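Here is a note for a colleague opening this entry for the first time. Please keep the sequence and the model in view while reading.

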Amino acid sequence: MQSFLMGSKQTRSGQRRLLLLSKVASLGSLSAAAKACGMSYKGAWQAIEAMNLAAGEELVRAQKGGSGGGGMVLTEAGEALVSAYLLFNEQMQHWMRELESLSPGVLSQLEIMRKISMKTSARNLFHGSVTSITKGAVNSEVVLSIGGDIEVVAQITPESVERLGLEIGSDAYALVKASWVILTEELDGGLKTSARNQFCGRISAIEKGAVNSDVTIELPEGQQVSAIVTNQSLESMKLELDGRCCALFKASHVLLAVAD
């Protein structure tokens, strides 16, 4: 329930899955339900499997016979889930309208509360909106605007794009481990690298350990990028507080997530 309360934009992929279940119930076919939801058949199967796993029991089962030669129907558990979701959604919309009328602007605070509540082991967590999706046979490129002119580029499989329900305008998170970030000197445009993500800024913090150091770079829009480098690299690059450097990381090292 908490994820639903933390902003309706983040329930898009969850709603899409539940819509898929309702379409299976009304159409009696997974392929027809997938088409109605704008999903591929493979993506629909993956969504069903994910829902079955989360529920701990089957929500959909195959039905043999009939004029169409068989199809798919919801199990009793699936029907109960769809009914509960429809009731919950109806009451939630009513509650949100009432809440907004009592205190205009309060719903915008739910977005901040949702961000604060998110936990991850990745040091670098960027929140933004999907501005571009380029689909390929093996990988898809997803561009996430995280504020100002700053964009994070990620490469994930087409199946992941579909499973996450990503589309233009979707809210998403980009996660990057600090150990995946490479630091370089700022070369005023003279740096050439295959890394799609290149961010330059001011070193705002250095936490030195016995072997490695945690270096934080503050970007022009206020975002921060953290990198783990060896103490030897720290010294050889002469990195120090208020100095300038660039953080690089590959698009394939960016993990995308959505609040479901």
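**Notes on the predicted model**

1. Start with the cores. The largest nonpolar core has 34 residues. Those with the most contacts inside this core are V152, L166, V181, L183, F249, V254 and L256. Strand β5 (residues 150–156) gives this core its largest share, four residues. Another core, of 20 residues, lies apart from it; L30, A33, V60 and V82 are among its members. A nonpolar core here is a set of buried Ala, Val, Leu, Ile, Met, Phe, Trp, Tyr and Cys residues joined through side-chain atoms within 4.5 Å. Buried means under 20% relative accessible area, exposed over 50%, and partly exposed in between (1.4 Å probe, protein chains only).

2. A word on the source. This is a predicted model, in which local features need pLDDT of at least 70 and side-chain atom pairs count only at pLDDT 80 or more, while totals for chains, interfaces and linings use all residues. Residues are numbered from 1 along each chain as its sequence is written, and side-chain values use heavy atoms, with hydrogens and water left out.

3. Now the overall figures. The protein has eight helices and twelve strands. These are DSSP runs, numbered from the N terminus: helices are H or I with at least four residues, strands are E with at least two. Of the 260 residues, 38% count as buried. Among contacts with a separation of 6 or more, 59% join residues 24 or more positions apart. Contact means heavy atoms within 4.5 Å.

4. Return to L166. Which residues does L166 contact, leaving aside its neighbours within four places in sequence? They are V130, I133, V142, I156, V161, A172, L256 and V258.

5. S140 lies in strand β4 (residues 140–147). S140 counts as buried because its relative accessibility is 1%. Not counting residues up to four places away in sequence, S140 touches T134, K135, A154, Q155, I156, T157, P158 and V161.

6. Look next at β9. Five of the seven residues of β9 are buried. Strand β8 (residues 197–208) pairs with β9 in the antiparallel sense over six bridges. Strands pair if DSSP finds at least two bridges between them. E207 has D214 in β9 as its bridge partner. β8 and β9 form a hairpin, with three residues between them.

7. β9 also pairs with β10, again antiparallel, over seven bridges. V215 stands opposite A227 in β10. This hairpin has five residues between its strands. In its turn, G222 has a positive phi of about 100 degrees.

8. Q223 lies in the loop between β9 (212–218) and β10 (224–230). Is Q223 buried or exposed? Q223 is buried, because its relative accessible area is 15%. Its side chain reaches the backbone oxygen of I146 at 2.8 Å. Leaving aside neighbours within four places in sequence, Q223 is in contact with I146, G147, I150, I217 and E218.

9. Finish with helix α4 (residues 41–55). Its end C-alpha atoms are 21 Å apart, which agrees with the 21 Å that its 15 residues should span at 1.5 Å a residue. The expected span is 1.5 Å times one less than the number of residues. The buried residues of α4 are G43, A44, A47, I48, M51 and N52. An α-helix has 3.6 residues a turn, so residues three or four places apart point the same way. After α4 comes G56, with a positive phi near 80 degrees.

Note on methods. A polar contact is a pair of N or O atoms within 3.5 Å; within protein, one must be able to donate a hydrogen and the other to accept it, and residues adjacent in sequence count only if both atoms are side-chain atoms.
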